[in-house]
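User: Got a structure to go through. Can you take a few questions on it?
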Amino acid sequence: MSSVRALLSTSLSHSPLSSMFLNSSPSMEMFQLCTYKRPTYDHRVLRTSLSYAQRRLVCIPRKHRNALWVSFCPNEELCRPHCSCNLRYQNKHARDTVARCELAAAGDSHSLSANLKMESKVRGACFYAVTALSAVFLFVLMLVGHPFVLLFDRQRRKFHHYVAKVWASLTVAPFYRIKFEGLENLPPPDTPAVYVSNHQSFLDIYTLLTLGRSFKFISKTGIFLFPIIGWAMFLLGTIPLKRMDSRSQMDCVKRCMDLIRKGASVFFFPEGTRSKDGKLGAFKKGAFSIAAKTNAPVVPITLIGTGQIMPAGREGIVNVGWVKVVIHKPLGGKDAEMLCKEARTTIASVL
């Protein structure tokens, strides 16, 4: 006992409790060190009865979490028997609050989505109303000038293409803006060329017509049956094509080559159809075979944004957005396979 007293004396020599500790018996010393103003509790609580969040809150050491303990801290509310119930109620209240917030957010997002869909449908109806009204008046103008076009400009039909440019510009102006890049790469207006582009949307035709170039599109024969629009395409000299008819395909190739030799330009969508996911599909070699045989330059064009405004298969809506048209430098060569690969790589480089 004397050795213990000497050791404690050394460690507590500078402590205000040293005199009290050294002048008392061992049992009294421990009693005095553990004496509080309030009586202590001898209430045993299992560590495992507390959750992880509660153990973190009361700062229980990890090595003692699975052991029994005795609370000697009457001043701390968390050590009292009712603390677990309070924390459990608070956790339940917090979970209920989060659940309500998530439900409210889901309801708001659903309402916003429904409003956006309705707005897109209204914009789509307005788009077709504008294009129909403007087409009626401009078609009459094309019809009046058509005899003169056949007499003086049968192949290029610049007057009709100018009217088509005005029609397309009036139609798209209220709904989306078009940004052009690389206009200096366009060949001179009188130079015949083969234009190729990716195909994402029904709006691609409207967007390309705003360029004001006299190129001939290739379209399905069924489009020509549409009132006003189909008739205007016929006056423009658009080339009809039956996709599954090999004879129609051969006639289309021959007519395109004949137009290029006579000084007109043609426009192809080498993918053959609109992309439903916005990704660039495989290119067919028809357009590049024509360019290689006629020695005409190939002008790759990338269209960005038309698929987001009017997705393929959803022609009844018009979303808010913008369109970018990138005109790349012309390509030349005698190898159709190489021209096809180069054009696809060039178009895909900015998508």
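User: Where does Leu151 sit?
Analyst: This is a predicted model. In it, Leu151 belongs to helix H5, which covers residues 83–152.

User: Buried or exposed?
Analyst: Leu151 counts as exposed because its relative accessibility is 66%, and the cut-off for exposed is over 50%.

User: Next topic. Which residues does UniProt annotate as "transmembrane region"?
Analyst: The unreviewed entry gives residues 127–152 and 223–241.

User: How much helix and strand is in 127–152?
Analyst: Residues 127–152 are 100% helix and 0% strand, with the end C-alpha atoms 34 Å apart.

User: And 223–241?
Analyst: That stretch is 42% helix and 16% strand, and its end C-alpha atoms lie 10 Å apart.

User: Which residues of H8 are buried?
Analyst: In helix H8, residues 229–236, the buried ones are Gly230, Ala232, Met233, Leu235 and Leu236. Just after H8 comes Gly237, with a positive phi of about 85 degrees.

User: What is phi at Ile228?
Analyst: Ile228 has a positive phi of about 65 degrees and is not a glycine. Most residues other than glycine have a negative phi. Ile228 lies in the loop between strand E6 (218–220) and H8, and counts as partly exposed because its relative accessibility is 22%.

User: What about Asn295, where is that?
Analyst: Asn295 is in the loop between helix H10 (286–294) and strand E9 (298–304). Its phi is positive too, near 60 degrees. With 53% relative accessibility, Asn295 counts as exposed.

Note on methods. Residues numbered from 1 in each chain as written. Predicted model: local features only at pLDDT ≥ 70, side-chain atom pairs only at ≥ 80, totals over all residues. Heavy atoms only, no water. Helix = DSSP H or I, 4+ residues; strand = E, 2+ residues; numbered from the N terminus. Buried < 20%, exposed > 50% of the residue type's maximum accessible area, 1.4 Å probe, protein only. UniProt positions renumbered as here; feature names shortened; annotations may be inferred.
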